Structures are given as structure tokens and as C-alpha cells.
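Let's take a friendly walk through a protein structure. Please have a look at the sequence and the model before reading on.

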Amino acid sequence: MNWVDALFRPRSVAVVGSVSPGKIGRVLVDQLLAGGFTELVAVNPRGLGTRGVSAVSSLRELPPGSSPVDLAVIASPAATVPDVLEDAGKAGVKVAVVITAGFAEAGDAAGELEILEVARRWSLRVVGPNCAGIVNTKHDLYPTLETRPPVGDVAFVSQSGALGGAVLSWAEEQGVGFSKFVSYGNGADLTDVDFLDALRDDEETRVVALYVETVSDGRRFMESARRLTAVKPLLVIKSGRSDSGRRATISHTGSMAGADAVFDAALRQSGAIRVDGIEEMFDLCRGFTMLPPVDGRRLAIVTNSGGPGVLAADRAEASGLRVEPPSDRLRDRLQRKLEPFCGLDNPFDLTVQATKDDYRDVLVDVLAEHDAAVAINVNTPYLDAAPLAAGVVAAAKSTGKPIAASFMAGGPAQAALPVLREGGVPNFATGERAVSAIAALWRQSQRVESQGDSTGVPSIPPCEPEPLPWDRDPLEPEAADWLETLGFPVVERRWARTTDEAADAVRRFAGPVAIKVVSPSIVHKTEAGGVILNVDGPEEAVDAFERLDVLAGDDFRGVLVSPMVSESVEVLVGLSRDPQFGPVVACGLGGVFTEALEDVSLRVAPVELEEARAMFAELRGSAILLGTRGRPPRDLDALAELVAEVSRLPFRFPRIAELDLNPVFSLERGARIGDARVVLLRDEEKP
């Protein structure tokens, strides 16, 4: 028996810990019995049983011929856990769920390491410690401290036991049933990655929801998530959106690639859906488990009130759905059925006089040329909402297309809710939330279609690590020369260390130039006044040199002289390192607008050309690159190639911590790097 079956479908369960009233062991036994699981044995030093459950003083003393114990649920004191695991291993137990707290979360990392060492010695898998247990509703298995949820098709994996318990407690109220629940706590052994892999092939689960604070291994997490999302949706709640714990960075890229932004990028690459909180998670769980797939973007909104219909239409367009007016043929058909005061432009407003037949017939008609519908009802106290809900259910059954309902306004709508639930139509608190669920289903269908043979998860390119030519952060001229030797397109330049060399550089370029200070202490040159543009002639060059010399003081290392580049759009391309996911590549609008606009696209590196193109396409300022107001479009293929090549650098050169190419001059044909900064890993950070 593998660990997955032993955990979720054990032949027998041992509860280790006191079963006296009020003790956790007793709670676990009560939960298991109440759920219908009876193959139990209690394990405690006094060998005391409870409620007819037999007991032994140690797992070593299991009676011969008894049902094999596949799963041990441990709630004994922390100091006893390693010995209990030793006994479990000798008894042939496959998996242990350690409810007991007081390990790494309480400062006892050594105790947690001892747990792991014992488990590995006996090939015993461990959930926890410091967890709230597990559930398999379809096997009547409830060894958990939390509420027993209704049976359904959603598996919920949570790093936090308390939050997991809250979700299970709200499940019935929210109309969501669960197949499985796992609280993995400290994750000393089994972690998020293991459970995502286990649930991929679980026929009892249609949707997986995950709450994490940190992921155990960023790239393994992405690979597991991608494997899972190829066959079923993965909804992720991630706490900790702030960057407060992140180390200070020097480069533009490092300052903008915050931990949360990187996590977002990793989820997109993995095909997972990030939700903002528990409400949205429940909404999408209802949508994914109760609605058929949404195969297109055309949405019909059928309502009995104009305002909520308009709000829903606004949300639909913001979500990428299309709320299109009806065809002439459909309009004529509806006009023959409805009163003249009804609105027929989509939203279709049936007004407060709407009947059961109106909802049914209009939904059936509009779904002949739309892909999905949202049915909104703002019920008044003097009307019975149940028949109207029955009309919506009838339309859903007749068409087989996705219909999400929003029977609003609290008490007056209550009679509709059981009708919708029994009819398999999900209800949402507002029309906007119903629309968001439809949009998520549509994006999921697009995501699955687009995956094809592509893994979407970056694989580390096979290459031998190469040394860098410096032992400290290079100056800009050194970084530019190095990039050029690697084949990157860099603007022409001269490094001038004297006024004579600066004047000679201007003569060589024969036209206006840009002159930049070279100094290890001036990182962001434009902000510091270290860039002088449109310098024309030797005398202006000497004056610029002397001004920059004064600016830099003792750290002045000369100036870099480059010809001015016209008819370009400035772009940022860069690298940084994330502690969970490793190298991250970024692109965005560059120059002085980088931080001002904060319009940056991120991916976990490396990326291929197609992914690099997608990064530029998702920028809010992408229209600038595509050509506006008569300006020709930029060479996006050249930019994508540059991003893809940059994304491979940290694997060839592992000492690169951060890289900024800003600006990159994006031209009608090609691209040129105008400024380069490389930051090395410090000795204590070396990979």
C-alpha cells in the first residue's frame, strides 16, 4: 500500500494519546466514530480504551491478527513523538499524522529534525507536526480536530489548521462539499508538492484548493501545480502580499520583483488560479463543481433589475467576457414574448414583473447565441422567489449551458436557494461574483487548451557553470563589454577617463552624444543627475566631464560616451533572484518611467521566445510598443529574443544576483542595450 492510500483509505487507524474526556485523543476518537469509521485502536501508556474502542499501551503491542494499522494519528506530548514514530515504523505503519505542536514553530527545530530522521529510517511518511489532521469524506474518515464538512468534489490543502477549520465550518453554508482535507502544518516531511501530486489522479476530487504562506520548493511546486492543472483546476490562497521581509535590493529589477509579484508569475506559469480570499475560493469552487465548462466569451445577463444588471455587465467586460447585444432575430423573438417595457439590449431586463416562464424562456432563447448566462433576481418581500428560481433551473437543464444565479437581497431571496441548490445551479451573493466565476471557468478552458505539449514550467538549461571576469560588481563599461562578448546588442560607446578622451569620443561619434558618469557609488544615474544628454562638440563634452567629476567626488572613474539614439522606445529587461523560485526575469517600459509606472511583467526564469512575447503583450503600456499615433511598431521579436537570452544568464553564470538593462532602446528593427548593471552574489550568498 502506498502512502496516499494509507493516508486517505487506511484499513485501520491508531489514535496515539490520552483518550480521557477533554483530551485531543478523545476528540479524534469521537470524530472518527461519529463519521462512521470503526477500525480503530487507542494507544496510550495506560492502555485505556473508550466508547468500545480497544486499546494498547504501545504500537509495539498491537495484537496478532488484528487489522493492519496503516495510519497513526499522534496527539501525545512532543517529547514522546520520536519514540512513537519508532514504534510505528516497527509496527509497519505507513503514514503518521502528527497533531502535536511544539516543534519548529515553537523554536524546537532539532525536535522536528529528529522526527524526520526516524520517519526516513522506517520509510514512514509524516503529515505535520502541528497540524489539524485530515479528512476523506468518501471513506468516512475524519481524524481531525475540525468540523466534519459535507461530502463533495473539492479537496482543500491548508498550511494553516485554523484557517482550514474555518473553511470546513463554512462549507455547508456556502453550498460547497469536500472530498478531502489536509492540514500539513510545519510540513516536516509531506508538503504542498506531495499533496498536489497525490490529488492529481484522485478520481474523487474535481477541484483542488490550496492555502499557503510559503511554498516548500518553488520549482518543484510549479512542476506539481502544472501537472495538476492539466487535468483539474487549482485555486490558491497565498497570504503575505507585502514585501516587508524582503532584503533591500540595488537594481530596478530587484526592487520591483517583490516576493508576491514573483508568486503571481509562478502561478500563471503553472496554470493555477490565485484567489484573493476565502469568499472568492468558495465562489470558484461552486462554479467549477456545479457548472459545465464555459467554452466561449459571450455572456448573457438576464435580470429583473437594471442596476445589478449593469454592474454585472461592467464586471464581465473588465474580466474579458463579451456582453454583446442580441441579433435582430433574437430581439424579434423576445419582443413577441415580453412586455414592451422590458430591456432587450443585454443585460436583458425582465423588470419586477418577471415570471417563472419569463426566466426560463428568455434564458433558453439567449443561450442559443451566447456561451453562458448570469440570472439575477432582486426579490421583493411580496413575491415568492422559489418559482423564479425554478425557471432558472429549468433553463439550465434544457440548454445544458452554464447558468450562474444571483438571487439577491437576503431574506426575500431565501426561498429560492434550496430550489437552485437541488437543481444544480450555483447561487452567488451578487451578480458581479457570479460573473467572476463564469470568467474563471472561461479562462480555465483557455488555459487547458493552450497548454498543449508545453510544460509552461521553466526547465533549467543544461550547461556548465561559468565564472565571471570580476570578483566585485563591475562598472557599467565593464558590464557592457562583457555582454557584447556574449553576443548581446549593445550601443557603441567609449569609456573616457580624462577630458581629452571625452572630447575625442565626441569627435569620433560626429553628432550629439549622451555622457554618463562612471562611479561605483552612483547606481541610478538619471535620478542622481549623472546623465547629460545631447552633448554636441568637444567643448560641451569637457564641461560635462568636469560636472560629473564633481558629482561623483572620490568615486569618479570617468564617463561613458554613447551616440544619442532617436526614434526608440525605452524598455527595461532585467534579472533578480527570489528565495523560493530562484532566478526571475522581468521586462517593462524603461528609462525614467520604470518605477513611476510600475508596469512590469515577471516570469520565473528561463523563458522561451513565446513566453517572452507574452510578457510584453501583458504590459499596460504594450500599445506604445505596437505603434501609436502613426509611429511604427517596435521589433517585438528582437525584444523577446533579448529577454529569452537574458533569462538563461544566471544558469550559465550562477554568481549573477541581479541584472539591469535599462534602458534598452527598442527600435523599428532590432534593439540595443543602452545601460547595463550587474550585481554579484556576495560570498555568503554563493550558490
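The report below goes from the whole protein to some of its residues and contacts.

## About the model

This is a predicted model, in which local features need pLDDT of at least 70 and side-chain atom pairs count only at pLDDT 80 or more, while totals for chains, interfaces and linings use all residues. Residues are numbered from 1 along each chain as its sequence is written, and side-chain values use heavy atoms, with hydrogens and water left out.

## The whole protein

Let's begin with the overall picture. The protein has 24 helices and 27 strands. Here helices (H or I, at least four residues) and strands (E, at least two) are DSSP runs, numbered from the N terminus. Taken along the principal axes, the C-alpha atoms fill a box of roughly 95 × 80 × 40 Å.

Of the 687 residues, 54% count as buried. Buried means under 20% relative accessible area, exposed means over 50%, and partly exposed is in between (1.4 Å probe, protein chains only). The areas come from the Shrake-Rupley method with a 1.4 Å probe, and for residues only the protein chains shown count as cover.

## Two places along the chain

Ala72 sits in strand β4, which covers residues 71-74. Ala72 counts as buried because its relative accessibility is 0%. Now look for Val646: this residue and Ala72 are 574 residues apart along the chain, and their C-alpha atoms are separated by 50 Å.

## Salt bridges

A salt bridge is a side-chain nitrogen of Lys or Arg within 4 Å of a carboxyl oxygen of Asp or Glu. How many salt bridges does this rule give? The count comes to 42.

One of the salt bridges joins Arg286 and Asp283, with the closest N and O atoms 2.5 Å apart. Both residues belong to helix α10 (residues 278-290), where they are three residues apart, about one turn of the helix. Arg286 is buried at a relative accessible area of 5%, and Asp283 is buried with a value of 5%. Another salt bridge links Glu476 to Lys516, and here the closest N and O atoms are 2.7 Å apart. Glu476 lies in helix α17 (residues 476-485) and Lys516 in strand β19 (residues 513-517), so this pair ties together parts that are 40 residues apart in sequence. Glu476 is buried, with a relative accessible area of 10%, and Lys516 counts as buried at 7%.

Next, turn to helix α24 (residues 636-652), where Glu645 and Arg648 are three residues apart, or about one helical turn. Their side chains meet in a salt bridge of 3.0 Å, N to O. Are these two residues buried or partly exposed? Glu645 is partly exposed at 38%, and Arg648 is partly exposed at 23%. Elsewhere, salt bridges that share partners join Arg268, Arg603, Glu611 and Glu618 into one network.

## Polar contacts

A polar contact is a pair of N or O atoms within 3.5 Å; within protein, one must be able to donate a hydrogen and the other to accept it, and residues adjacent in sequence count only if both atoms are side-chain atoms. Asp260, found in helix α9 (residues 259-270), is buried at 8% relative accessibility. A polar contact of 2.7 Å joins its side chain to that of Arg274.

Asp371 is placed in the loop between α13 (356-366) and β16 (372-378). What does its side chain reach? The side chain of Asp371 reaches the backbone nitrogen of Arg297 at 3.3 Å. Asp371 is buried, with a relative accessible area of 15%.

## Patches on the surface

Patches are made of residues with over 30% relative accessible area and no salt bridge; like charges are joined within 9 Å, and nonpolar side chains (Val, Leu, Ile, Met, Phe, Trp, Tyr) within 5 Å. Lys and Arg count as positive and Asp and Glu as negative, while His and the chain ends are not counted. The place of a charge is taken as NZ of Lys, CZ of Arg, CG of Asp or CD of Glu.

Asp83, Glu105, Asp108, Glu114 and Glu117 gather in a patch of negative charge on the surface. Among them, Glu105 lies in the loop between β5 (95-98) and α4 (109-121) and is partly exposed at 37% relative accessibility. Ile24, Val27 and Leu145 make a nonpolar surface patch of about 210 Å². Val27 is in helix α2 (residues 24-35) and is partly exposed, with a relative accessible area of 35%.
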